[in-house]
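Please examine the sequence and the structure shown below.

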Amino acid sequence: MGKQKPRSLKEALKGVLTAKEFEFLRTSYDSVGNIAVIEIMPELEYKEKKIGEALLLVNPQFETVCKISGAHKGAFRVQPVKVIAGKKNKTALYKESGCVFKVDLGKVFFSPRLSHERERISKLIKKGETIGAFFAGVGPFPIVFAKNSPMKHAVAIELNPPAVKLMDENIILNKMQGKVEAILADVNKIVPKKYKGKFDRVVMPLPKGGEDFLAASISSIKPEGGIVHFYQFVPVDDPYTQVLKLVRDVAAKQGRKVRIVSKKQVRSFSSQTIQVVIDFRVLRGQTL
């Protein structure tokens with residue numbers, strides 16, 4: 001009998017890491033298609049290649065292991081990564097909800113952790129809806145919607161040029177030409193000019209700073225009303241007081257009333273912070 005494959009990263013690293021080093025090992029990782037993205041603590045950097053190779057041994061579906069090599073930064077919230085094992089490749093092929101996406105890690109923001117949100121919203125979309133997908137990245141939200149809902153058309157706005165280039169490729173890859181339109185633009189600049197009162201539904205999964213675009217999102221909802229899915233990082237101890245007040249205040253400044261449809265935690269971010277989503281209906285009324 002051959003040697004049995006280790007069942008976990010810890011098991012694969014027995015004899016490679018000391019007991020002290022195991023204290024610094026992060027065993028969780030993000031799976032982005034054929035690439036695993038893991039955090040390596042500074043104390044283990046000199047063994048990062050061995051950790052990457054162990055992860056490939058445990059998970060043969062991965063071709064590459066990257067480590068996070070810095071914090072999210074810049075206007076595009078891009079997180080730098082470095083290949084530590086496997087093929088020297090940072091372009092992942094990621095599958096979700098019957099769709100496939102090319103994702104260039106280190107050049108675009110992408111979170112596989114929001115897959116359940118894309119699926120959830122797909123089930124809420126009604127036949128014939130026109131959707132505004134703001135901060136669309138490489139297109140996961142609008143393309144999953146187009147594939148899995150009876151929507152009519154999605155306008156996907158993104159400011160990062162490499163992300164828009166990949167979104168165009170992903171639209172073709174998923175045969176969604178004509179249903180999803182990729183737009184390279186700043187939401188706050190293009191929406192007031194071109195998309196005021198145009199959408200039945202808006203999704204705005206900005207990793208940070210979504211409150212700065214809330215007014216544009218509300219103004220883009222049709223006069224007869226529609227839904228906004230608003231994502232925000234909030235304190236664990238009081239997640240909803242401030243964000244609900246913000247939604248109502250921003251809507252009131254535009255002469256619109258809102259009704260909160262649902263609010264829920266999306267994911268944990270740190271010991272003090274969680275990400276939540278507020279689904280709210282902008283009620284019938286004229287936009288100012």
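A polar contact is a pair of N or O atoms within 3.5 Å, and within protein one of the two must be able to donate a hydrogen and the other to accept it. The model discussed here is a predicted one. In this model, the side chain of Arg 267 makes such a polar contact with the side chain of Gln 275, at 2.9 Å.

Arg 267 belongs to strand β12, which spans residues 258-268. The residue is buried, yet it has no salt bridge. A salt bridge requires a side-chain nitrogen of Lys or Arg within 4 Å of a carboxyl oxygen of Asp or Glu; the nearest side chain of opposite charge to Arg 267 is that of Asp 30, which is 7.0 Å away. When neighbours within four places in sequence are set aside, the residues in contact with Arg 267 are Arg 113, Phe 233, Ile 274 and Gln 275.

Phe 233 stands opposite Gln 275 in β13. Strand β11 (residues 226-235) and strand β13 (residues 273-282) run antiparallel and are joined by 10 bridges. Strand β11 is also joined to strand β10 (residues 201-204), in this case by four bridges and in a parallel arrangement. Within that pairing, Val 202 has Val 228 of β11 as its bridge partner. Strand β11 is mostly covered, with eight of its 10 residues buried.

The loop between β10 and α8 (214-219) contains Leu 206. Leu 206 counts as buried because its relative accessibility is 14%, and the limit for a buried residue is under 20%. Beyond its neighbours within four places in sequence, Leu 206 is in contact with Phe 135 and Phe 213. The C-alpha atom of Leu 206 is separated by 8.6 Å from that of Ala 136, although the two residues are 70 residues apart along the chain.

How many of the nine residues of helix α5 are buried? In this helix, which covers residues 140-148, seven of the nine are buried, so the helix is largely enclosed by the rest of the structure. The buried residues of α5 are Pro 140, Phe 141, Pro 142, Ile 143, Val 144, Phe 145 and Ala 146.

The cysteines remain to be considered. Cys 66 is buried, with a relative accessibility of 0%, and Cys 99 is likewise buried, with a relative accessible area of 3%. A disulfide requires a pair of cysteine sulfur atoms within 2.5 Å, and by this rule the count of disulfides is zero.

Methods. Residues numbered from 1 in each chain as written. Predicted model: local features only at pLDDT ≥ 70, side-chain atom pairs only at ≥ 80, totals over all residues. Heavy atoms only, no water. Buried < 20%, exposed > 50% of the residue type's maximum accessible area, 1.4 Å probe, protein only. Helix = DSSP H or I, 4+ residues; strand = E, 2+ residues; numbered from the N terminus. Lys, Arg positive; Asp, Glu negative; His and termini not counted. Contact = heavy atoms within 4.5 Å. Pairing = 2+ DSSP bridges.
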